Amino acid sequence: MSSYDVIVIGSGPGGYVCAIRCAQLGLKTACVEGRETLGGTCLNVGCIPSKALLHATHMLHEAEHNFAAMGLKGKSPSVDWNQMLSYKDDTIAQNTKGIEFLFEKNKIDWIKGWASIPEAGRVKVGDEVHEAKNIVIASGSEVASLKGVEVDEKTVVSSTGALKLNKIPKTMVVIGAGVIGLEMGSVYSRLGAEVTVVEYLDAITPGMDAEVQKSFKRLLEKQGLKFVMGAAVSGVETGKGKAKTTYKLRKDDSEHTVESDVVLLATGRKPFTDGLGLSDLGVKVSDRGMIETDDHWATSVKGIYAIGDAIKGPMLAHKAEDEGMAVAEVLAGKSGHVNYGVIPSVIYTHPEVASVGQTEEQLKEAGTPYKVGKFSFMGNGRAKANFAADGFVKILAHKDTDRILGAHIIGPMAGDLIHEVCVAMEFGAAAQDLAMTCHAHPTYSEAVREAALACGDGAIHA
Ligand code: NAI
């Protein structure tokens, strides 16, 4: 029986980062992974492959829409779908092999197979039982099912099937206007598919700042995506390679159908903990299947910890990574910490959408006195030169103290720009601190500074 200080179950961003940090802190570490490659959903069928397709199709969009105006004439590129898929697969391989390399470098044993926990201190993989002083569950999440919709990964796909369709569909219905629906909907819309997004709520991307939601929807509509809002999908029928989606409009209960070549189900994910043996162990799990943990990621059973999508909080790779590092520190006798108030969230469409901290709606509801500093990318020279002037930066600061409470960006490179505000918030900065920091010209990040200036005496280029 091999014996470890820590066995991490799952090698997604939560698990592999946790394993590396444990090893760096001197703990003898193994990581169990049942997939053929390391990296979990994120690297294999999530963040990384979707970004490859988003990048390739954004380049296509640029060529089709902006090249001629810049004096780049000639035929727009044609799409070689198989080559695009192999570019995506190469990107996955480079990343998953990278994790394998990091495991070897840090002397982490990769135990191949699916784990169960027969008792605290023991992890069973296949016929072998391994001993561990501590176990960290980082088993991630899986697609949540929707009644009446059966995913076959051909005509009705989840995000996994959407990354490897046999051919580009002419028509696509996306169920759910959340992150996955809008990212993958954008990919296929740019590739020429007619995309209809059917969303239960009256606004897209639930939980996001309402002004951003409105502007985002308008920009996506301009790109050709169609939206049916306030519509609850009740079922999808398939036959002869086609799908018929039925939905009911909430305002009048009227029933409608829409036909398409492909349906993407993107109505959320749920924790994946099958086969671990949690109920026999007595590990407490919430009604929604999330493993319950305390402030140090300890479950109700001593020596068993849990992080990432399997526990509460946003299902984001970087949230899982932070928890992975923090729990490793706890296990090494240090004080691990995650600031849940400063976790950015990004949608990698074009334009990108990024946010951190509180929304204006949340501040209103809490009765917090606040002020808004807003700046449009129309006033940013670099954005204008790059045909990327759609969108804005919105900073919310405390009315009395000027402390930054949240930021919401829709625009070019929003996913990178947001981190300036994250660092500022981590340091408890005031909007004035950002406003007084010299920003290089001409950069998109000047728009962040201008929004900070708008929290005070006013932006310059507005
Ligand atoms: P989501 O929770 O973001 O959005 C699901 C949407 O489906 C909601 O707007 C909901 O109102 C709608 N919906 C639910 N039932 C419906 C019905 N019967 N009919 C019509 N609409 C319905 O879920 P999504 O997009 O599947 O993403 C899952 C998770 O993965 C999220 O937690 C997300 O944060 C994460 N993710 C993050 C990414 C990123 O950070 N860029 C990329 C992809 C996924």
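Trainee: Which residues of helix 1 are buried?

Mentor: In this predicted model, the buried residues of helix 1 are Pro 13, Gly 14, Gly 15, Tyr 16, Val 17, Cys 18, Ala 19, Ile 20, Cys 22 and Ala 23. A residue is called buried when its relative accessible area is under 20%. Helix 1 is mostly covered, with 10 of its 12 residues buried.

Trainee: What span does helix 1 reach from its first C-alpha to its last?

Mentor: Helix 1, residues 13–24, reaches 16 Å, close to the 16 Å expected at 1.5 Å a residue.

Trainee: How should I read the surroundings of the ligand, and which residues are the closest?

Mentor: One begins with the shell of residues. Here 23 residues surround the ligand, and the closest are Ile 180, Glu 199, Val 233, Gly 268 and Val 346. By kind, the shell divides into 16 nonpolar, 4 polar and 3 charged residues.

Trainee: Which backbone atoms lie by the oxygen and nitrogen atoms of the ligand?

Mentor: For a nitrogen atom of the ligand, a backbone N or O atom of Val 346 lies 2.8 Å away. For an oxygen atom of the ligand, a backbone N or O atom of Gly 268 lies at 2.9 Å.

Trainee: How much of the accessible area of the ligand does the protein cover?

Mentor: The ligand has 860 Å² of accessible area on its own, and the protein covers 80% of that area. The elements that give two or more residues to the shell are helix 6 (179–190) and strand 12 (231–239).

Trainee: Next, salt bridges. How many does a search of the whole structure find?

Mentor: The general idea is that side chains of opposite charge can pair when their charged atoms come close. A search of the whole structure finds 18 salt bridges. One of them joins Lys 51 and Glu 183, whose closest N and O atoms are 2.9 Å apart. This pair links distant parts of the chain, since Lys 51 is in helix 3 (residues 47–65) and Glu 183 in helix 6, 132 residues apart.

Trainee: Are Lys 51 and Glu 183 buried or partly exposed?

Mentor: Lys 51 is partly exposed, at a relative accessible area of 25%, whereas Glu 183 is buried, at 7%.

Trainee: Where do Asp 402 and Lys 371 lie in the chain?

Mentor: The side chains of Asp 402 and Lys 371 meet in a salt bridge of 2.9 Å, N to O. Asp 402 is in the loop between strand 21 (392–398) and strand 22 (404–411), and Lys 371 is in strand 20 (residues 370–376), so the pair ties together parts 31 residues apart in sequence. Asp 402 counts as buried at 12% relative accessibility, while Lys 371 counts as partly exposed at 22%.

Trainee: Which residues are linked in a network of salt bridges?

Mentor: Such a network links Asp 209, Glu 211, Glu 360, Lys 374 and Lys 394. As a further pair, Arg 122 forms a salt bridge with Glu 131, with the closest N and O atoms 3.3 Å apart. Arg 122 counts as partly exposed at 25% relative accessibility, and Glu 131 counts as partly exposed at 30%.

Trainee: Lastly, with which side chain does the side chain of Glu 323 make a polar contact?

Mentor: Glu 323 is placed in helix 9 (residues 317–331). Its relative accessibility is 0%, so Glu 323 counts as buried. The side chain of Glu 323 makes a polar contact with the side chain of Tyr 340, at 2.5 Å.

Note on methods: Residues numbered from 1 in each chain as written. Predicted model: local features only at pLDDT ≥ 70, side-chain atom pairs only at ≥ 80, totals over all residues. Heavy atoms only, no water. Near = heavy atom within 4 Å. Polar contact = N/O pair within 3.5 Å; in protein donor to acceptor, adjacent residues only side chain to side chain. Areas by Shrake-Rupley, 256 points an atom, 1.4 Å probe, with all protein chains shown as cover. Helix = DSSP H or I, 4+ residues; strand = E, 2+ residues; numbered from the N terminus. Nonpolar A, V, L, I, M, F, W, Y, C, P; charged D, E, K, R; others polar. Salt bridge = Lys/Arg side-chain N within 4 Å of Asp/Glu carboxyl O. Buried < 20%, exposed > 50% of the residue type's maximum accessible area, 1.4 Å probe, protein only. Expected span 1.5 Å × (residues − 1).
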